[in-house]
Amino acid sequence: MVGATPYARELWQEARTVRRNSDAFSVLKRARAVWVLATLSFSANLGSGFSYDRKNNLVGKRFNNRKKDFGSRIMQRLENVCIENMDVLDLIKSRDSEDTFFYIDPPYISESMGSKNGSQKADQGHYKGYTAQDYDNMLSLLGTIKGKFLLSNYPSLLLQKHIEQNKRIVQSSEKPQQA
């Protein structure tokens with residue numbers, strides 16, 4: 001499917017429709033939609049506009065290069081990866097050791113958690129069912145592990161409580177605003 005995908009705004013628009021209505025499409029169609037959006041959207045941002053340039057057609061060239069090395073590049077990146085589909089608490093417990101490093105990027109409970117209307121309800125958006133209690137449970141577990149971790153998140157009172165409780169080192173960074 002990737003090899004047969006042309007550099008076309010219409011397919012980019014179709015991919016946006018698939019992503020917005022993901023329950024109506026197969027896993028394969030959804031996966032292709034994410035690839036199309038990541039490849040054809042400005043700055044590879046799935047929510048941004050269609051990417052094009054006015055002079056050298058560099059976007060088209062870059063798109064075709066990504067198509068050509070799609071299979072081999074993905075295979076190479078996943079060569080030493082284990083993909084799990086299980087509860088994060090069980091995963092952390094099963095892999096924890098003094099030599100383990102976890103990169104944790106959970107839903108940001110202080111944000112809309114992917115819901116279309118900005119609601120923080122756990123039954124909306126692409127984090128259906130994820131709650132502040134789930135987040136608290138994960139932070140509590142991280143306070144007991146033998147390994148190290150890096151947590152990506154936005155500030156929240158719950159996070160601050162765990163930082164203080166476990167005397168964690170915090171490094172903050174701000175993303176520059178785009179004009």
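Mentor: The chain exposes about 13,100 Å², and carbon and sulfur atoms supply 50% of that area. The model is a predicted one. Of its 179 residues, 27% count as buried. Among contacts between residues at least 6 apart in sequence, 53% join residues at least 24 apart. The chain holds 7 helices and 2 strands, and from the N terminus on the order of elements is α-α-α-α-α-β-α-β-α.

Now the pair itself. Helix H1 covers residues 9–20 and helix H2 covers residues 27–40. The two pack with their axes 8 Å apart, at an angle of about 130 degrees. H1 is therefore oblique to H2, since an angle has to be over 145 degrees to count as roughly antiparallel, and 65 to 115 to count as roughly perpendicular. The crossing in which H1 passes H2 is left-handed.

As for the residues that meet, H1 contributes Leu11, Trp12, Glu14, Ala15, Arg16, Val18 and Arg19. On the H2 side, the partners are Lys29, Arg30, Arg32, Ala33, Val36, Leu37 and Leu40. Sorted by class, this contact of H1 with H2 has 8 nonpolar and 6 charged residues, and no polar ones.

To put the pair together: H1 and H2 pack at about 130 degrees, cross in a left-handed sense, and meet through nonpolar and charged residues.

Key: Residues are numbered from 1 along each chain as its sequence is written. This is a predicted model: local features need pLDDT of at least 70, side-chain atom pairs count only at pLDDT 80 or more; totals for chains, interfaces and linings use all residues. Side-chain values use heavy atoms; hydrogens and water are left out. Axes are lines fitted to C-alpha atoms, for helices over the stretch in contact, and angles run from 0 to 180 degrees between N-to-C directions. Helices (H or I, at least four residues) and strands (E, at least two) are DSSP runs, numbered from the N terminus. Angles under 35 degrees count as roughly parallel, over 145 as roughly antiparallel, 65 to 115 as roughly perpendicular and the rest as oblique. A crossing is left-handed if the near helix is turned anticlockwise from the far one by less than a right angle, and right-handed if clockwise. Contact means heavy atoms within 4.5 Å. Ala, Val, Leu, Ile, Met, Phe, Trp, Tyr, Cys and Pro count as nonpolar, Asp, Glu, Lys and Arg as charged, and the others, Gly among them, as polar. Buried means under 20% relative accessible area, exposed over 50%, partly exposed in between (1.4 Å probe, protein chains only). Accessible areas come from the Shrake-Rupley method with a 1.4 Å probe; for residues, only the protein chains shown count as cover.
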